Amino acid sequence: MTISDLNIKGRRALVRVDFNVPLDGARKVQDDTRIRRALPTIKTLLEGGASVVLMSHLGRPKGASEQFSLKHIVSHLEGLLGIPVKFASDCVGDSALDVSQNLQPGEVALLENLRFHPEEKDGDEFFAGQLAENGDLYVNDAFGTAHRNHASTAVIARFFPEDKAFGKLLEGEISALKKVMSKPAKPLLAIIGGAKVSSKLTILENMVDKVDKLMIGGGMAYTFMLAKGGKVGSSLVETEMVERAGIVLEKAKRSSTEILLPEDSICADSFSAEANFEVFNSDEIKEGWMGLDIGPKACEKFIKAVTESQTILWNGPMGVFEFEACSKGTFAVANALKEVTEKGAYTLVGGGDSVAAINACGLADDVSYVSTGGGAMLEYLEGKTLPGIAAILD
Ligand code: AMP
């Protein structure tokens, strides 16, 4: 179900991309990572003799608005592609069809923000049919919205039963996740960190008996410390999650999965970069102090676990890496990931703030794959079927 399975010459490829990029006050593209990740698909289609009609959402508009218009990214896209890009002032109806139906092979058009129509998020079938009129074949390359059952990401595929495919980016994302989730090279280590244990518990529950080692860092580690009967001072905890955390620990024991929790923590007397810092054992944190990073002993153990693994999934920072004093753990793990990647291990980073963390370390190019889809990746790891993927496979 990839582009190479489609007959593309002389046809209009309608491509769902994720151009939901940050814009600055002057409406200029601030970070074009998502646009650049879609270029291989666009170029492959153009080189194969197709014309390309791009559709995307941008932000969370309530109805049509100048602020969220995709016209703001046209010149940036033209710069990246090196050819002019036609713009349609709506994604459906005459203004869209005027552009898409007159497109010649080798030409590119961008349709206006899909979310100017509430029918997009509602997964409205009639609206999906209107969108479908803009192309002869459908390519989904938007991993960031693959977990949504929207008109342009899933419902539209029904209108192209024989002519639908994953784009290069989506293909890469799926193959990266498969390397970790089905038949990975062993030992398999999952490193899960970040702030909210409630947002990651389902992943932990789903993965605990599939991995050899599960490393838990970041704020969520303290809910696990509490489940083990530790004292965590004022550290971030979600008391209503303690029971489920305990069940994960039990399940790990039954499936012989090694759980690595931070033995010690760098603690602060307030949530601030200027606080006083002291190291405590993570289950003996003094009242009034909070764990904001893994400590030196934990760091050493975590690095060892990384270097002993062949496949590693990393989701979520080990501490409040935004504060310099609490960034050592995250940076040390990122560096260890770089080292094992060089030695041939497979390393996948993604979801939540992990991409920001690996970028902050300057090591995004030194791991095997950095996923573009936060929520989509998390739902995949939870074991859910993603509608955007299912619609192409159906
Ligand atoms: P997430 O989006 O769940 O991956 O969480 C990322 C956020 O978790 C980052 O902004 C970190 O600052 C935060 N974080 C990591 N460790 C801790 C901690 N020990 N206490 C509070 N927040 C944390």
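No salt bridges turn up between domain 1 and domain 2: the count is zero, a salt bridge being a side-chain nitrogen of Lys or Arg within 4 Å of a carboxyl oxygen of Asp or Glu. The structure is a predicted model, so local features need pLDDT of at least 70 and side-chain atom pairs count only at pLDDT 80 or more, while totals for chains, interfaces and linings use all residues. Residues are numbered from 1 along each chain as its sequence is written, and side-chain values use heavy atoms, with hydrogens and water left out.

Back to the two domains. Domain 1 covers 3-166 and domain 2 covers 174-381, with bounds that come from an automatic or database domain assignment. Their centres, taken over C-alpha atoms, are 36 Å apart. Seven residues of domain 1 touch eleven residues of domain 2, where contact means heavy atoms within 4.5 Å. About 730 Å² is buried between the domains, 64% of it on carbon and sulfur atoms; buried area is the accessible area (1.4 Å probe) that two parts lose on being put together, summed over both. On the domain 1 side, Arg37, Phe143 and His147 lose the most area to domain 2, and together they make up 77% of what that side buries. The interface also holds two residue pairs in polar contact, both at pLDDT 80 or more. A polar contact is a pair of N or O atoms within 3.5 Å; within protein, one must be able to donate a hydrogen and the other to accept it, and residues adjacent in sequence count only if both atoms are side-chain atoms.

Now for the sheets. One open, parallel sheet has six strands in the order S3-S4-S2-S1-S5-S6. Strands (E, at least two residues) and helices (H or I, at least four) are DSSP runs, numbered from the N terminus, and two strands pair if DSSP finds at least two bridges between them. S3 (85-88) and S6 (164-166) sit at the edges, each pairing on one side only. S5 (residues 137-140) joins S6 through three bridges, and Val139 stands opposite Ala165 of S6. Helix H1 (residues 33-47) lies across S1, S2, S4 and S5, at about 155 degrees to S2; axes are lines fitted to C-alpha atoms, for helices over the stretch in contact, and angles run from 0 to 180 degrees between N-to-C directions.

Another open, parallel sheet, also of six strands, runs S10-S8-S7-S15-S16-S17. Here the edges are S10 (258-260) and S17 (369-370). Two bridges link S16 (residues 346-349) to S17, with Leu348 partnered by Tyr369.
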